[in-house]
Each structure stands twice: as C-alpha cells, then as structure tokens.
Amino acid sequence: MSDPAHTGTGGHAPPPAAKDDWRRQYWKKNLRLMVVLLAIWFLVSFGCGILFIEQLNTIVILGFPLGLWFAQQGSIITFVVLILVYALRMDWIDREFGVAEAPEEAGQAAGGER
Amino acid sequence: MDQVRLWTYVFVILTFGIYITIAWRSRVKETKEFYVASRGVNPVANGAAVAADWMSAASFIGMAGMVAFLGSDGSVYLMGWTGGYVLLALLLAPYLRKWGKFTVPEFVGDRYSDLVRVVAAVCAMVISFTYVVGQMTGGGVVFSRFLGLSAEWAVIATGIVIFFYSVLGGMKGITYTQVAQYTVLIVAYLIPAVAVAQRMTNIPIPQISYGSILSELDALRLELGLDRFTEAFVGRDGGQLDVLLVTASLMLGTAGLPHVIIRFYTTRTVRGARFSAFWALLFIALLYLTAPAVGAFTNLNLLQGAKGSTEADLPAWIAPWSEAGYVTVNAPDGIIESVSNAADSGADLIVSNDILVLASPEIGGMPAPIIGLMAAGGMAAALSTAAGLLLVIASAASHDIYFRMVTKEKAPEKQQMLVGRIAMACALVVAIFAGLNPPAFVAQVVAFAFGLAASTFFPILILGIFWKRANGTGAAAGMLTGLVFTGGYMLYTLEVFGLSANEHILGVSPEGIGAIGAVVNFAVTIVVSKLTRPPRPEIQEMVESIRYPAQQAPSAERAAEGAASEGAASEGSAER
C-alpha cells in the first residue's frame with residue numbers, strides 16, 4: 001500500500017469529502033501502529049532471544065548473559081509494555097476519530113448491530 | 001509431614017469453599033450469562049481470569065523444572081506462551097469482541113460458511129479435550145501427593161468441584177472463580193520463590209537475583225553431566241531452527257486457542273478487550289518471569305546437595321519426594337556423579353521436573369502452611385483451566401452444532417440453556433473418565449493442541465479480520481490442509497495411536513510443525529480465495545464494521561480533529 005497522506009497528526013489539510021475517508025485514515029493509523037509494535041515484538045523475541053542470542057550472550061550484566069536475559073526476561077517484559085502501548089494509543093486514536101465507545105451504551109452496541 | 005497434610009487440608013477446603021460460594025452467587029439463567037457472562041466483566045478481573053484460564057497445572061507445577069533442565073532453550077516455553085498474547089491483543093481480541101457473539105466457531109462460521117463452522121467446532125472440541133484430560137490428572141497429582149488420597153478419588157473430587165461451578169454458573173461462575181483462583185495460585189507461587197531467592201542470594205527479588213548464581217550453576221551442571229544453563233541451542237535436538245519454530249508455533253497456537261479467545265467476549269467494550277489483554281499478560285508475566293528464577297535456584301540447590309554425596313546424605317527435602325517416586329537414586333558405586341530429569345538417561349540421580357516447584361517452599365525453609373498453600377495453588381491452576389476448556393467443549397456442541405446447525409437458531413432460550421448445561425456435564429463426565437484412565441498418548445498430545453490451534457484457527461481468524469476477500473471455500477481449504485499437514489507430521493514423528501516414531505525431517509520437532517502448518521494454511525486460503533468468488537457484500541460490510549469500536553459520534557464531541565471526519569459526521573444514518 002502506498003502512503004499518500006501525511007495529514008494524520010495535524011488534521012488541518014482538508015481531505016476530499018468522500019464519506020468513508022475517515023475510515024481509511026483510522027484504519028491506516030491502526031495498521032501503522034500495529035506494524036511498528038509487531039516489528040519490536042519480532043526483534044526482541046526472535047531477534048534478541050533466538051537469532052542473535054549467542055552474540056548477545058558475550059555481554060554479561062548482573063550475571064545474566066544478555067541473550068539469555070532477553071530470552072527469559074526481557075522479551076516478556078517487552079510484550080507487556082507493547083500491549084499497554086497499543087491499548088493506550090488506540091484509545092487516543094479512537095477519540096481523535098470519534099469512534100470511542102460510551103461506557104453505558106457499549107453493551108448494546110455489540111448486540112445491536114449485525 | 002503431618003503438619004503439612006493438615007495445612008494442605010485447611011487450604012484446599014478453604015479455597016474450595018470460596019470457589020463454591022462465588023459460583024452459587026453468580027449462578028445464571030440466560031445463555032448470554034452462560035456463554036459470555038453478560039459481557040459485563042471488568043478488564044482487570046477479566047485479565048486475572050484469562051491468566052488463570054491460561055496457566056494450567058503444567059505451567060504451575062512443571063514449567064520451572066522444565067526450564068531448569070532445558071536451560072537457555074527453556075525460553076521456547078517462556079516466550080512462546082507469552083508472545084502469543086501480543087498477537088492476540090493486536091490482531092484478534094478487539095475485533096472479535098466488536099463482532100461480539102458467543103464462540104470462536106461462530107465467528108468463522110458467520111464470516112465464512114457453515115462447513116467452516118462445523119470443522120472449527122470439531123477442532124475446538126478436539127483441542128480442548130486433549131488439554132482438559134491433562135488438567136484432570138494434574139489436579140489428581142496434587143491431591144494424591146499432598147493429601148494422600150488415592151488418585152481415582154482425587155480426580156473424581158476435582159471433577160465434582162468443577163461440575164458445581166461450571167454447570168451452575170457457566171462463563172459467569174467460571175470467570176469469578178478464576179479471579180479467586182488466580183489470586184491463590186500467584187500468591188502460592190511467589191512466596192516460596194521470594195524466600196528461596198532471599199536464602200540463596202540475600203536479594204528477595206528472584207527475577208533479578210538469579211543472575212548472580214548462573215556462573216556457579218553452569219560450573220556445577222558441567223560436573224554433573226548436564227549442559228550449561230546459559231548455553232543456547234543445546235537443550236533440544238533440533239538446534240536453532242527448531243527453537244525458532246517451536247517458539248513461533250507456541251505463539252501462534254496461544255493466539256488461536258479457543259478457550260483464551262472466548263474470554264475476550266466477556267468484556268463490556270472493545271476498549272475493555274484491549275486492556276484485558278494487557279492485564280492478562282501482566283498477570284501471566286508475574287509467574288512466567290519468576291519460573292526461570294525458581295528453576296535456576298532449586299536446580300542449584302539440588303545439584304549442590306547431590307554432588308559427590310551418597311543416597312543417605314542427600315538434602316532432607318529430597319526424602320519424601322523419593323518415597324513418592326519423584327526422585328530415583330541409582331548410583332552403582334554409592335556416590336552421585338550425574339543428575340538428569342529423564343527417566344531413561346541412566347544418570348545416578350533422576351529427578352522429576354515437577355518437584356522443583358513443589359519442593360521450593362521446603363528448599364526456601366518455609367513452614368508447613370506455605371507448603372499447604374502451594375498445593376492449593378496447584379489445584380487452583382488445574383481447576384481454572386479445566387473449567388475454561390469445558391466451556392469451549394460445551395459451547396461448541398450446544399451452541400455451534402445444536403443451536404446453529406441442528407435447530408437453525410430456532411430453539412427457545414430455556415432449551416438452549418438446558419442443552420448447554422447437559423453438554424457441559426457430559427464433557428465433564430468424559431473428562432473424568434479420561435482422567436482416571438489417561439490414554440497413553442495424552443502427554444504427547446498436548447503438542448497437538450498448540451500445533452492444531454496454530455495451523456487451523458490462527459490463519460483464518462487473521463485473514464477473516466484483515467482481508468475482506470478471504471472466502472468460505474478458501475478458509476475451508478486452508479483449515480483442512482493446515483490440519484492434515486500438521487496432524488500428519490505429528491503422527492509421522494510421534495509414537496502415538498500405535499504408530500512408530502520416525503526421524504524428524506530437517507530437525508523440525510513435532511512441537512514446531514504448527515508454525516509451518518500455519519504458513520501452509522495462509523497460502524492455501526489466499527490462493528483458493530483468489531480463484532473463487534469474493535464473499536457476499538454483507539459479509540464484507542461486516543468485516544468493515546468490526547474495525548471501528550463504535551459508530552462515529554456527532555462532531556461536537558470531537559475536538560479540533562473535526563476536519564478529517566466532517567463528511568461522515570453528518571450522516572449517522574448512512575453508517576451501516
């Protein structure tokens with residue numbers, strides 16, 4: 001997919017008035033966030049914990065060879081942080097596009113739509 | 001030991017009383033309560049419930065020991081069983097929650113076709129069933145070890161407790177008992193871990209302090225015929241490629257396991273589903289970050305005690321375990337010179353993985369009550385996972401097959417509830433029988449559960465959400481090829497159902513094949529979908545709609561960002 005619009009953060013450049021345009025932008029922001037977080041996910045677990053573990057193991061901190069630390073501790077800590085960042089950031093994007101759920105009505109929202 | 005038994009009874013009876021009270025208070029009358037707890041579960045509570053659901057008897061009892069003996073390569077389980085949550089949180093949970101029905105087969109059935117629904121329902125039942133048998137026997141192990149009950153009565157007692165709260169309370173009862181069970185199991189895990197760390201390093205934070213013993217542990221392990229703890233790719237036969245594939249399979253399998261996914265249907269909002277995933281992994285990480293530390297500490301303590309000693313002067317905590325058959329001493333010249341966890345290794349001292357955690361209170365010098373708490377924690381882990389799995393089996397049978405396929409959605413509410421409860425009870429009875437006479441293949445078959453979840457559910461769920469063009473023919477073809485490919489390789493390499501085990505091809509172990517199966521499934525689904533007709537417009541519209549948590553609010557509520565969405569804001573009605 002190409003990446004023509006950089007209007008995301010500023011929001012001043014008025015986009016074409018196509019009614020589904022906000023949907024495309026919302027989805028694109030969501031996907032971009034996902035790709036960045038998944039890249040970190042891959043790098044830390046498969047990268048540091050498996051592919052480059054032997055090289056990293058030559059560095060020792062507090063008794064931990066660094067590769068082993070990533071494989072047994074660092075990757076898991078990163079996973080937790082990644083999910084938190086995703087949840088917080090999506091909150092922000094939802095509000096920006098006005099698709100955040102109102103707490104009371106959300107219960108029916110799911111049942112109501114088909 | 002009598003002190004220990006007394007305290008174990010106290011804790012087990014106390015915690016069971018709590019679970020049953022919670023279950024009675026959250027008994028249900030409607031299908032929405034029975035299957036998804038009325039979608040009213042708070043994200044933190046749901047996170048704790050996911051964590052308890054996820055961490056089985058094997059995670060609680062066996063994982064630290066497994067990691068201890070595998071050394072560095074034990075990380076396949078640590079990363080594999082946590083990394084999947086990132087996929088779940090980013091790629092599945094919010095969208096499945098938005099779509100908001102009752103089961104996983106229901107999503108793929110509505111998204112693709114009735115054929116896919118049936119295949120998915122059968123896969124969900126098979127996966128969950130192989131898993132639940134392990135929980136029944138796991139619960140039995142704890143009962144028989146700590147309470148001296150016979151294994152049969154132990155399994156039956158486990159079954160009765162689960163019956164009470166799952167049939168009565170459905171998802172709602174299960175959820176709130178799981179929250180209590182998580183609390184019990186994590187407290188039981190962390191207290192001895194902190195005590196052991198304090199005793200061995202004077203730093204009471206096991207996750208940090210186990211670094212300081214690693215070089216000592218490495219040296220001792222070499223002397224006793226084990227590989228170094230810190231050396232990568234020596235614990236498993238397949239080397240780096242196999243470690244990579246097993247980790248990937250466990251991650252994809254985790255994200256595709258139905259009993260975990262359905263927990264995300266229970267939150268009130270999409271936002272709640274996202275935050276549940278965070279809380280869930282945080283709660284899981286508390287145990288998973290501690291497990292390698294417990295493994296390393298207890299492993300060191302064991303090896304220090306064993307090296308060069310005779311059977312008579314082994315550390316005192318080993319004796320009761322050796323009576324229970326978890327430790328075997330077999331030193332021809334009387335002095336222990338090698339240690340292993342494998343029964344067929346011929347080492348002088350053979351130790352079961354399970355005792356490293358169960359004995360950690362004794363190693364840490366904790367009093368009897370803590371040992372009793374440990375037993376209650378092991379029970380909590382077994383019960384919570386079993387209940388979640390039974391709900392998947394019951395809902396696949398009663399909701400997906402009976403309600404959606406047999407009665408074509410015409411059964412009245414009362415009848416649906418009755419069928420749901422009966423299905424739950426039947427699933428439990430079968431699980432108890434299987435737990436009493438565990439089929440010989442069960443230990444092997446857990447690998448199936450993850451491999452099958454990774455190669456059947458994960459790809460079609462992802463494509464179903466992110467690719468509107470994916471259609472029913474493609475998904476059915478993808479699922480079936482994934483299933484046949486992965487299942488076939490497992491049957492080829494494992495000694496199950498009377499088949500003999502063959503050589504691993506390219507060093508890929510049966511646990512790692514799921515990742516390749518998932519790739520095959522993706523490829524087949526995409527190609528076949530491309531070659532056949534696109535899904536109906538209303539299905540594509542449904543896929544579109546699950547991408548947005550709510551309908552767009554009127555522009556007044558949106559601040560300066562209005563410009564981008566001006567057009568859409570004015571037409572609330574045009575929003576399909």
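F233(B) sits in the loop between helix 10 (214-223) and helix 11 of chain B; helices here (H or I, at least four residues) and strands (E, at least two) are DSSP runs, numbered from the N terminus. Its phi is near 65°, a positive value in a residue other than glycine. Most residues other than glycine have a negative phi. F233(B) is also buried, because 20 other C-beta atoms lie within 10 Å. The cut-offs go like this: buried takes 20 or more other C-beta atoms within 10 Å of a residue's own, exposed takes 12 or fewer, partly exposed is in between, and the C-beta atoms are placed from the backbone.

A word on what you're looking at: this is a predicted model, where local features need pLDDT of at least 70, side-chain atom pairs count only at pLDDT 80 or more, and totals for chains, interfaces and linings use all residues. Residues are numbered from 1 along each chain as its sequence is written, while chains are lettered from A and ligands numbered from 1 in the order in which they are written. The model scores ipTM 0.90 and pTM 0.88.

S38(B) has a positive phi too, near 60°, and is likewise a residue other than glycine. Look for S38(B) in the loop between helix 2 (31-36) and helix 3 (43-54) of chain B. Is S38(B) buried or partly exposed? It counts as partly exposed, because it has 16 C-beta neighbours inside 10 Å.

Now back to helix 11 of chain B and its neighbour. Two packed helices are described by the angle between their axes and the distance between the axes. Helix 5 (residues 75-99) and helix 11 (residues 239-256) of chain B have axes that come within 7 Å and cross at roughly 45°. These axes are lines fitted to C-alpha atoms, for helices over the stretch in contact, with angles running from 0 to 180 degrees between N-to-C directions.

Helix 7 of chain B gives another crossing. The axes of helix 4 (residues 57-70) and helix 7 of chain B come within 9 Å and cross at roughly 65°, so helix 4 and helix 7 of chain B are roughly perpendicular to each other. A57(B), A58(B) and I61(B) of helix 4 make the contact with G134(B), Q135(B), G138(B) and G139(B) of helix 7. Contact here means that the C-beta atoms of two residues, placed from the backbone, lie within 7 Å.

Also in helix 7 (residues 114-147) of chain B is A124(B). A124(B) is buried, because it has 30 other C-beta atoms within 10 Å. Leaving out residues up to four places away in sequence, A124(B) touches V104(B), P105(B), P258(B), V392(B) and A396(B). A124(B) and L389(B) are 265 residues apart in sequence, yet their C-alpha atoms are 9.4 Å apart in space.

Three of its strands form an open sheet in the order 1-3-2, with mixed pairing. Strand 1 (327-329) and strand 2 (339-340) of chain B stand at the edges with a single partner strand each, so one side of each is left without a neighbour in the sheet. Strand 1 pairs with strand 3 (residues 349-351) of chain B in the antiparallel sense over three bridges; two strands pair if DSSP finds at least two bridges between them. The bridge partner of V329(B) in strand 3 is L349(B).

Chain A has four helices and two strands, running α-α-β-β-α-α from the N terminus on. Of its 114 residues, 37% count as buried.

Finally, confidence, given as pLDDT, the predictor's confidence in each residue from 0 to 100. Chain B has a mean pLDDT of 85, and 93% of its residues reach 70 or more. Over residues 556-576 of chain B the pLDDT is below 50. Chain A has a mean of 79, with 73% of its residues at 70 or more. Among the elements of chain A, helix 3 (residues 66-97) has the highest mean pLDDT (95) and helix 4 (residues 106-112) the lowest (40). The pLDDT also stays under 50 over residues 1-17 of chain A.

Definitions and conventions:
Angles under 35 degrees count as roughly parallel, over 145 as roughly antiparallel, 65 to 115 as roughly perpendicular and the rest as oblique.
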